[in-house]
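Here is the note on the model we discussed. Please have the coordinates open while reading the points.

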Amino acid sequence: MSSLLGATMIGLKLISVALTKNGSSPLPLSVPPPPPGFGILRAKRNKLLDKRARGVYPQNSMKLATLLIHNGHDTDSATGALGIPVYQSSTFDRGPDFRPDAPPPPEGRLDYDYARSGNPTRKALEDAAALLEGGSDGYAFSSGVSAIASVLGILSSGDHVIVAEDIYGGSYRLLNTYFKRWGLEHTAIGALNPETIRAAVRPSTKALFLETPSNPLLKITDLPACCAAAQQAGLITIVDNTFMTPLLQRPLELGADIVVHSATKFLGGHSDVLAGIAVTKTRELGRRVHAVQNSFGAVLGPWDCFLVARGLKTLKVRIEAEQATAARLADFFSRHRNIEAVYYPGLERHPGREVHAAQAAGPGAVLSFRTRTVEQALGFLGKTRLAAPAVSLGGVETIASYPVRMSHAAMPAAERDRLGISPALIRISAGLEDADDLIEDFDAALS
Ligand code: PLP
């Protein structure tokens with residue numbers, strides 16, 4: 001390795017000497033033959049860049065773990081850097097493009113004019129997200145909620161959406177306040193299945209919007225069956241895949257049309273960035289989402305794109321470790337005398353477990369439990385030393401959320417009670433701490 005580096009340095013030095021000697025003219029320049037191994041590396045990189053330029057990165061031939069690392073933007077085309085640079089630029093030099101007689105830009109040129117429409121760092125993240133979800137186009141937004149709002153923004157006033165009743169509280173608020181004022185109607189359904197979907201369809205219905213597992217009770221919806229029913233009725237199915245990530249569940253392969261994420265959660269993974277992602281199955285839908293992204297402008301900044309892209313690289317190891325801890329915690333809570341119910345798709349008696357197992361590769365790293373009394377729940381949140389009582393999930397640190405005061409605070413109390421989101425309910429997002437330490441801490445916090 002060091003001899004390779006040394007030989008490369010000598011080569012670069014010769015080039016720079018030739019350049020200095022000849023002033024601004026790079027000719028004549030005698031370039032030494034590449035050191036052994038270097039040519040192979042460069043050929044590999046050129047092949048990769050060529051594939052990227054032609055848009056034929058071999059997406060189906062690699063497993064997701066590999067795509068997290070090698071996603072078409074793993075090598076910077078300008079410098080060869082192993083990692084996408086943070087292009088902290090709001091605008092881009094258009095060269096002679098302003099001239100009426102300007103020739104069309106060369107094929108394959110990455111075309112940027114203004115960062116609301118596109119930015120290379122954002123594009124790298126967007127392409128990686130599309131690749132991982134198996135979609136055609138990816139878009140990165142300033143938050144999960146703005147991704148959801150922008151996707152719903154492809155609909156029009158007077159349109160109608162069928163939504164799962166127990167979606168994330170912020171999505172509920174978006175539909176019940178903001179979009180309601182703009183005339184987008186919706187019907188919330190408790191048990192989503194092909195019959196309830198068909199019964200809710202109106203002439204103006206355009207979309208179905210759901211999460212599975214749901215938040216915070218981890219209810220399972222049969223994705224292939226519901227997507228098929230929606231498709232028969234001519235609806236677009238939008239799935240919030242935040243809890244699962246594409247590593248555990250790929251809704252587009254199961255019939256959905258658009259996947260959204262709060263990338264603030266597992267995709268970013270370090271509780272240090274607020275971000276959202278939308279991936280469309282088709283170019284046509286992608287164009288519609290991009291039109292809203294560009295018009296509305298809720299885009300993710302380059303630095304935050306870098307943070308999410310960096311988080312993606314370790315998604316596999318994080319989700320596997322966090323999921324293993326969540327399974328241990330679910331088992332521990334199930335046996336605890338002060339716990340009345342545990343909600344986790346990995347538990348044998350969890351309703352919909354088989355359906356989930358058929359459409360996802362694992363139960364995930366989020367679970368909820370209900371204590372016997374509200375005091376016990378409040379006592380747990382006050383006494384735990386390792387879980388942060390906080391909003392959010394999917395970070396490297398274990399988080400204990402209190403849905404009635406946090407994620408579902410926007411929902412009226414009567415509605416929460418009806419859905420079973422009780423003041424004795426706590427949602428846990430397992431982090432990367434040692435599971436034994438967490439169990440010891442939780443045991444003490446529950447006593
Ligand atoms: N979707 C789900 C399932 C969530 O849990 C959240 C946030 O908690 C969101 C969407 C909203 O994402 P953000 O907070 O990044 O706007």
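Which residues does Gln 376 touch, not counting residues up to four places away in sequence? The reply is in point 2, after the conventions.

1. Conventions. This is a predicted model, in which local features need pLDDT of at least 70 and side-chain atom pairs count only at pLDDT 80 or more, while totals for chains, interfaces and linings use all residues. Numbering of residues starts from 1 along each chain, as its sequence is written.

2. Gln 376. The residues it touches are Asn 338, Thr 371 and Leu 446, with those up to four places away in sequence left out; two residues are in contact if their C-beta atoms, placed from the backbone, lie within 7 Å. Gln 376 belongs to helix 14 (residues 374–383). Helices (H or I, at least four residues) and strands (E, at least two) are DSSP runs, numbered from the N terminus. Gln 376 is buried, since 20 other C-beta atoms lie within 10 Å. A residue is buried if 20 or more other C-beta atoms lie within 10 Å of its own, exposed if 12 or fewer, and partly exposed in between, with C-beta atoms placed from the backbone. Ala 445 is 69 residues away from Gln 376 along the chain, and their C-alpha atoms are separated by 8.8 Å.

3. Confidence. The average pLDDT (the predictor's confidence in each residue, from 0 to 100) is 87 for the chain, and 85% of the residues score at least 70. Residues 1–42 have a pLDDT below 50, and this stretch makes 17 contacts in the model beyond near neighbours in sequence. Residues 48–59 are also below 50, with 9 such contacts. Where pLDDT is low, the predicted coordinates should not be read in detail.

4. Overall make-up. The chain has 447 residues, 44% of them buried. Its secondary structure comes to 16 helices and 12 strands. Of the contacts with a separation of 6 or more, 74% are between residues 24 or more positions apart.

5. Nonpolar core. The largest nonpolar core contains 111 residues, and Val 151, Ala 278, Val 308 and Leu 367 have the most contacts inside it. Such a core is a set of buried Ala, Val, Leu, Ile, Met, Phe, Trp, Tyr and Cys residues joined through C-beta atoms within 7 Å. It lies between domain 2 (95–102 + 109–311) and domain 3 (316–446), because both give residues to it; the domain bounds come from an automatic or database domain assignment. Apart from neighbours within four places in sequence, Val 308 is in contact with Leu 125, Ala 263, Leu 267, Gly 268, Val 273 and Ala 275.

6. Tyr 139. This residue sits in strand 1 (residues 137–141) and is buried, with 28 other C-beta atoms within 10 Å. Its contacts, neighbours within four places in sequence aside, are Glu 126, Ala 278, Val 289, His 290 and Gln 293. Tyr 139 and Val 299 are 160 residues apart in sequence, with 8.4 Å between their C-alpha atoms.

7. Ligand shell. The ligand is surrounded by 15 residues, of which Ser 143, Gly 144, Val 145, Ser 262 and Thr 264 are the closest; a residue is near a molecule if its C-beta atom, placed from the backbone, lies within 6 Å of it. The shell divides into 3 nonpolar, 10 polar and 2 charged residues. Here Ala, Val, Leu, Ile, Met, Phe, Trp, Tyr, Cys and Pro count as nonpolar, Asp, Glu, Lys and Arg as charged, and the others, Gly among them, as polar.

8. Backbone geometry to check. Most residues other than glycine have a negative phi, and most peptide bonds are trans. The bond joining Thr 212 and Pro 213 is cis, with omega about -5°, and the bond from Asn 215 to Pro 216 is cis with omega near 10°. Pro 213 lies in the loop between strand 4 (205–211) and helix 8 (223–232), as Pro 216 lies in the loop between strand 4 and helix 8. Ser 271 has a positive phi, near 50°, and is partly exposed, with 19 other C-beta atoms within 10 Å. Ser 392 has a positive phi of about 95° and is partly exposed, with 17 C-beta neighbours inside 10 Å.

9. His 408. This residue is in the loop between strand 11 and helix 15 (413–419) and is buried, with 26 other C-beta atoms within 10 Å. Among its contacts beyond four places in sequence are Gly 169 and Pro 216.
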